Every structure is written in C-alpha cells, then in structure tokens.
Amino acid sequence: MRQSRNVALLVLLLVGVAACQSATVSRQQIVLPEGDAAAGEQAFVALECTACHTIAGKELPDAEEVGPVTITLGGKTSRTKSYSELVTSVINPSHKLARNPFKQQIADNGESVMPVFNDIMTVTQLIDIVTFLESQYEIVERPRYRYPVYTY
Ligand code: HEC
C-alpha cells in the first residue's frame, strides 16, 4: 500500500520535472547563424517590406504598392529589441500586435495586416533581414525621472 503511494508520488514528480524541462527548452532563445546586413537590406526592399515600413534615418527605394500603414523600424529605442523578438515579428506578425496609436490600421479581426511571408521568404533572407534590422536600432538610456516629494 505504502509502496504504491510512493511509486505514484515518484511518477508525479517525474512528470512534473519533464513538464518543466520541456517548457524551458521550448522557450529558449533561438540562435541563428550570423547574417549579412547588406543582403538583408536588399531582401527588405525586394520583398516589399517598404510598402509598410520605413527605416529610421535611411532612404530606401519605394515599394510598388503603398501599404495601409507606415511603421518606422529602427532608430532610437530604450529597450533592446532582442533577436528573437525581431524574428517573431517577421514570422508570426500577429503574435504581438503593436499598441496605439495605430490600433485600427494594424489589425483586422485581431490579425496583423502584415502579411505572412513564410512561404515566400527564404530562411537566409530571414536571417539577413533580422541582422539588418537589428543593426538599425540604437539603444538609448531612458532618462530617469526623479519625482519631487512635497511635504506640507
Ligand atoms: C501590409 C503592411 C506590412 C508589410 C508589407 C510588412 N509589414 Fe511589418 N508590420 C506591419 C504592421 C502593421 C506592424 C505592426 C503590428 C504588428 O506587429 O503586426 C508590423 C510590424 C513589424 C515588425 C515589428 C516592429 C516592432 O517595433 O515591434 C517588424 C520587425 C516587421 N514588421 C518587419 C517586416 C518585414 C521584414 C517585412 C517584409 C518581409 C514587413 N514587415 C512587411 C505591416 C507590414
């Protein structure tokens, strides 16, 4: 009796450990090989990402069609855009929708208006585009405000 309870506990424990492990493995950051930023810029233009995106401080040729939104990528940011965030934005555009002020324009029924390029873009293009985009962000420290303390 007692032994079977111990076995049941052990099984529960092992299942628990396995569940935790698979969770950590599947959530780990992906690591892609080194990309080529110049090729990424070319792919960004060739795939017409420029229909909806401009790159801060960079002149790129216009896309043939103009998209419903213009969202600037790159430029100053107070928070590192991690590699995996950029990859996720490209291969799974509806994963996290941008917040205001474009709420209406960016999504239709909760789906991003950004097309899914997964059947068009090669993995090499993805790697290069992410390398290119990553190089366009400049991290700046967010100023820290000191709130005055009022005493009466
Ligand atoms: C039809 C318009 C459209 C096209 C074309 C488009 N995007 Fe987007 N993209 C969006 C919209 C809208 C958002 C913001 C909302 C969202 O996350 O879906 C976005 C968001 C992004 C983001 C995340 C930006 C951030 O600050 O988090 C990246 C990176 C991005 N796009 C890359 C690309 C790349 C690379 C291409 C071309 C392969 C592309 N986009 C083509 C509309 C577009």
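1. In this note, helices (H or I, at least four residues) and strands (E, at least two) are DSSP runs, numbered from the N terminus. The model under discussion is predicted. Its protein chain has five helices and six strands. Taken in sequence order, these elements give the pattern α-α-β-β-β-α-α-β-β-α-β.

2. Some totals for the chain come next. The protein chain has 152 residues, and 26% of them count as buried. Its accessible surface is about 11800 Å², with 55% of that area belonging to carbon and sulfur atoms. Among contacts with a separation of 6 or more, 60% are between residues 24 or more positions apart.

3. The ligand has 26 residues around it, and C49, C52, H53, S112 and M114 come nearest. By type, the shell around the ligand holds 20 nonpolar residues, three polar and three charged.

4. Which atoms of the protein pair with nitrogen or oxygen atoms of the ligand? A polar side-chain atom of H53 is 2.8 Å from a ligand nitrogen atom. In the side chain of S112, an N or O atom lies 2.5 Å from a ligand oxygen atom. P93 takes part through its backbone: an N or O atom there is 3.3 Å from an oxygen atom of the ligand. As for elements, β2 (71-73), α3 (83-91) and α5 (123-134) are those that give two or more residues to the shell around the ligand. The largest share, three residues, comes from α3.

5. In soluble globular proteins, nonpolar side chains tend to be buried together. The largest nonpolar core here has 26 residues, and F44, I55, L73, M121, I129 and L133 have the most contacts inside it. At least two residues of this core come from each of α2 (37-46), β2, α3 and α5. The element that gives the most to the core is α5, with six residues.

6. What does I55 touch, leaving aside its neighbours within four places in sequence? The residues in contact with I55 are F44, L60, T72, L73, F132, L133 and Q136. Of these, F44, L73 and L133 are, like I55, listed among the core residues with the most contacts.

7. T77 lies in strand β3, which covers residues 75-77. Is T77 buried or exposed? T77 is buried because its relative accessible area is 14%, and the cut-off for buried is under 20%. Apart from its neighbours within four places in sequence, T77 is in contact with Y137, E138, I139 and V140.

Note on methods:
Residues are numbered from 1 along each chain as its sequence is written. This is a predicted model: local features need pLDDT of at least 70, side-chain atom pairs count only at pLDDT 80 or more; totals for chains, interfaces and linings use all residues. Side-chain values use heavy atoms; hydrogens and water are left out. A residue is near a molecule or strand if one of its heavy atoms lies within 4 Å of it. A polar contact is a pair of N or O atoms within 3.5 Å; within protein, one must be able to donate a hydrogen and the other to accept it, and residues adjacent in sequence count only if both atoms are side-chain atoms. Ala, Val, Leu, Ile, Met, Phe, Trp, Tyr, Cys and Pro count as nonpolar, Asp, Glu, Lys and Arg as charged, and the others, Gly among them, as polar. A nonpolar core is a set of buried Ala, Val, Leu, Ile, Met, Phe, Trp, Tyr and Cys residues joined through side-chain atoms within 4.5 Å. Buried means under 20% relative accessible area, exposed over 50%, partly exposed in between (1.4 Å probe, protein chains only). Contact means heavy atoms within 4.5 Å. Accessible areas come from the Shrake-Rupley method with a 1.4 Å probe; for residues, only the protein chains shown count as cover.
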